Amino acid sequence: MITERKKLGNAGEELAARFLMEKGYVLLGRNVQMSHHEVDIVMRDGNCLVFVEVKTRRSDWFVDPIRAVDDEKLWNLLEAAKMYKHEHPECYRMEFRIDVVCVVGDVQTCSQVEHYISPFERRILAGTPWKAHYRKLRKGHYGYYRMGR
């Protein structure tokens, strides 16, 4: 049985994928599982891989949906990106970024869609433990290995 929350999330992901494809992005996968990490949508924008986290809310009155992407989720997205590039050799040397698409509305009327392009790059490069890891990964300087926190 699919819950209302899951229906809302699925509707938001579908709307986000269509929204990005209308902007010229190429869909590579949805709900992509990499070990125990999941990426909502993987797309290509020119020669750049785009890992998209979709946040769907009935209303943005209480909390802006982008604030739901915390440090742990960001770390998981970086790990998933690293694994994806390792498992898809054709993408190994491609640059990548992490985008967020926020969808606000109910299942029938997901009316507001906002696309944030690489909103976390400044936070990642501001001296967090991921800084060197992120730079090497973006440039494709190393193969896959499990990185500890």
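Which residue stands opposite Val50 in β3? That residue is Met43, and the pair belongs to a predicted model in which local features need pLDDT of at least 70, side-chain atom pairs count only at pLDDT 80 or more, and totals for chains, interfaces and linings use all residues. Residues are numbered from 1 along each chain as its sequence is written, and side-chain values use heavy atoms, with hydrogens and water left out.

**Overall make-up**

- The protein contains 4 helices and 5 strands, where helices (H or I, at least four residues) and strands (E, at least two) are DSSP runs numbered from the N terminus.
- Read from the N terminus on, these elements follow the order α-β-β-β-α-β-β-α-α.
- Of the 149 residues in the protein, 44% are buried, a class that requires under 20% relative accessible area with a 1.4 Å probe and protein chains only.
- Among contacts (heavy atoms within 4.5 Å) with a separation of 6 or more, 61% link residues 24 or more positions apart.

**The sheet**

- The 5 strands form an open sheet of mixed pairing in the order β1-β2-β3-β4-β5, two strands being paired if DSSP finds at least two bridges between them.
- Because β1 (26-34) and β5 (112-116) stand at the edges with a single partner strand each, one side of each is left without a neighbour in the sheet.
- From one strand to the next the twist averages 30 degrees.

**Strand pairs**

- β1 pairs with β2 (residues 37-45) in the antiparallel sense over 7 bridges, and His37 in β2 is the bridge partner of Met34.
- β2 and β3 are likewise antiparallel, over 5 bridges, and they form a hairpin with 2 residues between them, where Gly46 in the turn has a positive phi of about 65 degrees.
- β3 and β4 run parallel and are joined by 10 bridges, with Phe51 standing opposite Ile98 in β4.

**Helices and cover**

- Helix α1 (residues 4-22) lies across β1, β2, β3 (48-57), β4 (95-104) and β5, running at about 140 degrees to β3; axes are lines fitted to C-alpha atoms, for helices over the stretch in contact, and angles run from 0 to 180 degrees between N-to-C directions.
- Helix α2 (residues 71-87) lies across β1, β2, β3 and β4, at about 60 degrees to β2.
- β3 is mostly covered, with 9 of its 10 residues buried.

Note on methods
Buried means under 20% relative accessible area, exposed over 50%, partly exposed in between (1.4 Å probe, protein chains only).
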